[in-house]
Amino acid sequence: MFNRAMREGTERIAPALPKAYELHRRADRGRGRRRQRHAARGGLAAAPGLKGILFDTAEGVAGADEEFRRAGLSDRCVIETGDFFEAVPGGDVMLVKGVLHDWNDRRCVVLLRACRRSIAADGRLLVLEPVMPSGLGTPEAAGAVMSDIAMLVYTGGRTEFRDLLAAAGFDLTEVTPPLGGSAIRILVARPA
């Protein structure tokens with residue numbers, strides 16, 4: 001049920017990705033739960049010129065090759081497995097969706113440093129996470145508040161995304177409006 005909920009949430013915002021941020025090449029990072037492949041598939045389907053790498057654990061990419069083949073996207077996406085705490089494939093644009101809120105600050109910085117080591121010098125890191133809106137009277141606020149409460153309980157809280165990115169060698173340059181009526185926003189960072 002959890003995997004289905006993650007997939008449906010990702011499928012709802014995936015078509016908005018190319019519109020929210022122009023993607024030329026994307027390396028997508030993940031860890032299980034198959035939400036990363038749905039973001040990659042949705043982004044590739046919405047942007048015909050896009051090519052990418054789906055990078056996840058073996059469990060996370062299981063069956064992804066068949067999904068991409070059925071969607072007619074297998075020639076535009078390379079599937080790789082590994083541990084994102086150690087190293088990630090390089091890219092011009094890297095997308096990390098719904099991952100940072102799963103880990104404590106120390107692990108987040110380790111992951112972000114792996115991205116920093118492999119991203120192009122003029123590349124961009126796109127972090128998709130629930131972000132607290134400026135006011136609590138908006139529809140996306142409830143999702144952001146619930147996400148923050150859950151992560152406070154499970155991971156012990158979170159430093160500001162700007163500070164995590166800076167600790168890993170990135171500058172936060174932009175935060176997009178919410179995607180697809182969700183609390184998810186794209187935090188755009190560049191190598192410092």
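How many residues does the largest nonpolar core have, and which of them have the most contacts inside it?

Analyst: The model is a predicted one, and its largest nonpolar core has 26 residues. Those with the most contacts inside this core are Leu 111, Cys 115, Leu 125, Leu 165 and Phe 170. Two or more residues each are given to the core by β2 (51-56), β4 (91-97), α6 (105-118), β5 (119-130), α8 (161-167), β6 (170-175) and β7 (184-191). The largest share, five residues, comes from α6.

Leaving aside residues up to four places away in sequence, Leu 125 touches Met 94, Val 96, Leu 112, Cys 115, Ile 119, Leu 165, Phe 170, Leu 187, Val 188 and Ala 189.

The structure holds zero disulfides.

The chain as a whole provides the setting. Its secondary structure comes to eight helices and seven strands, and buried residues make up 49% of its 192 residues. Of the contacts between residues at least 6 apart in sequence, 74% join residues at least 24 apart. The chain exposes about 9000 Å², of which carbon and sulfur atoms supply 53%. As a general matter, nonpolar side chains in soluble globular proteins tend to be buried together.

How values were computed. Residues are numbered from 1 along each chain as its sequence is written. This is a predicted model: local features need pLDDT of at least 70, side-chain atom pairs count only at pLDDT 80 or more; totals for chains, interfaces and linings use all residues. Side-chain values use heavy atoms; hydrogens and water are left out. A nonpolar core is a set of buried Ala, Val, Leu, Ile, Met, Phe, Trp, Tyr and Cys residues joined through side-chain atoms within 4.5 Å. Buried means under 20% relative accessible area, exposed over 50%, partly exposed in between (1.4 Å probe, protein chains only). Helices (H or I, at least four residues) and strands (E, at least two) are DSSP runs, numbered from the N terminus. Contact means heavy atoms within 4.5 Å. Accessible areas come from the Shrake-Rupley method with a 1.4 Å probe; for residues, only the protein chains shown count as cover. A disulfide is a pair of cysteine sulfur atoms within 2.5 Å.
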